[in-house]
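Me: I would like to learn how to read helix packing and pockets in a model. Could we go through one together?

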Amino acid sequence: MTQELDIIVSGHLCLDLIPAMNHIPPEALLQAGRLLETGPMTISTGGSVSNTGLALNRLGVNVRLVSTVGDDLIGRVIVAFVKDRDPVLGETIRQKHGLPSSYTVVLSPQKSDRTFLHCPANNVTFGLEDVDFDLVARAKIFHLGYPPILPRLMANDGDELTAIFQKAHASGAVTSLDMSLPDPDGPAGRVNWRVLLEKTLPFVDIFLPSIEEILFMLRRVDFDRWHGAVLSHITQGYLRELADELLTMGVVIAGFKLGELGMYLQTGDDLSRLKKLGLDEAVWRNVEVYLPAFEVEVAGTTGAGDSAYAGFLTALLHRLPPEEALRFACAVGACNVEAPDATSGVRSFEETMQRLQAGWQARTHTLTA
């Protein structure tokens, strides 16, 4: 009998190199010719496949990673790192001969958000043929991340991305899409994201981008006008309008990762596409939930959004009601930022629930109506 899987995570995979530099002020990086002494280097796998996939693994989910690496040292390190976590996770990562592997240098200076130096390498070639749809058909959820740094998935207004989700949807899996922030000066900055989403979202059931990502894609004027200070301008009403638009485009569950402000969630009225998850449709239908983030000592924000997304998908597998599912997602994201890398701060499902039940304090700073 073929074993059923919980989740397939596919898309972008790379190696993250994270020097310890929380003692270095951001302005020091702008001074040419200067030697800056850093702390130890944290090396881990990165990208959506790693960040979300390994977080799911830590949460006890039966997950498989479907992606590619090159045939160089970086590729071997990526596969070895994943297999060290769980040998079965490396079995579905395919090596592409003759290609270098993708890596990211993550700069997290003192009291500042991250800056990424990213080499796409083998991820430039990722496409429809790299997804094992026989495996997808065995899964409850198919999750794909980071189209803005997977060039083939952006080309021709997302034709290949749409084809992947159309085929995944036809397999019977619940489908989920995550994004990364497009580079305004790169190819992703020239994509017509509205058209891409209008083509793809009819085949996407769950869509939880960050607020910055969705503003870039659907509210570019606001994104540019607010000069990176997005969180100080948004209201719950603003998020409601955005989520309504995504639901109209075709998703069943829409929401936004709001960083230090927490998460927002809205659902539609037709939940039949989620039947594989066994959710209580009466409880999940036409719901709006906003929850603030938890109080936490931040060591690093790498992978925080991916971990929160993993937390939400895990909560769905455990059939938690909407508010509890979103609270669990916020909790997993908060655990993540207690470590400098993308996944080691994530705890098991049971440990995370115990922390919540012990009365973990939420932040007092929340959205306005």
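This is a predicted model: local features need pLDDT of at least 70, side-chain atom pairs count only at pLDDT 80 or more; totals for chains, interfaces and linings use all residues.

Me: Which residues lie nearest the centre of the second largest pocket?

Reply: Residues are numbered from 1 along each chain as its sequence is written, and side-chain values use heavy atoms, with hydrogens and water left out. On a 1 Å grid over the protein atoms alone, a pocket is an open set of points where a 1.4 Å probe fits, with protein on both sides within 12 Å along at least five of seven lines; lining residues have an atom within 4 Å of a point. Here, Asn22, Ser108, Pro109, Ala299 and Gly300 lie nearest the centre, out of 20 lining residues.

Me: What volume does the second largest pocket have, and how does its lining divide by class?

Reply: A volume is the space filled by probe spheres set on the grid points, which are joined across faces, edges and corners. For this pocket that gives about 410 Å³. Its lining has nine nonpolar, eight polar and three charged residues. (Ala, Val, Leu, Ile, Met, Phe, Trp, Tyr, Cys and Pro count as nonpolar, Asp, Glu, Lys and Arg as charged, and the others, Gly among them, as polar.)

Me: Now the helices. At what angle do α4 and α5 pack?

Reply: Two packed helices are described by the angle between their axes and the distance between the axes. Helices are DSSP runs (H or I, at least four residues), numbered from the N terminus. Axes are lines fitted to C-alpha atoms over the stretch in contact, and angles run from 0 to 180 degrees between N-to-C directions. Helix α4 (residues 151-170) and α5 pack at about 15°, with axes 9 Å apart. They are therefore roughly parallel, a term for angles under 35 degrees; over 145 is roughly antiparallel, 65 to 115 roughly perpendicular and the rest oblique.

Me: How do α5 and α6 pack?

Reply: Helix α5 (residues 193-200) and helix α6 (residues 211-218) pack at about 105°, their axes 7 Å apart. That makes α5 roughly perpendicular to α6. In contact (heavy atoms within 4.5 Å), Trp193, Arg194 and Leu197 of α5 meet Ile214, Phe216, Met217 and Leu218 of α6. This contact has six nonpolar, no polar and one charged residues.

Me: What about α1 and α10?

Reply: Helix α1 (residues 47-58) packs with helix α10 (residues 304-317) at about 45°, with axes 8 Å apart. The two are therefore oblique to each other.
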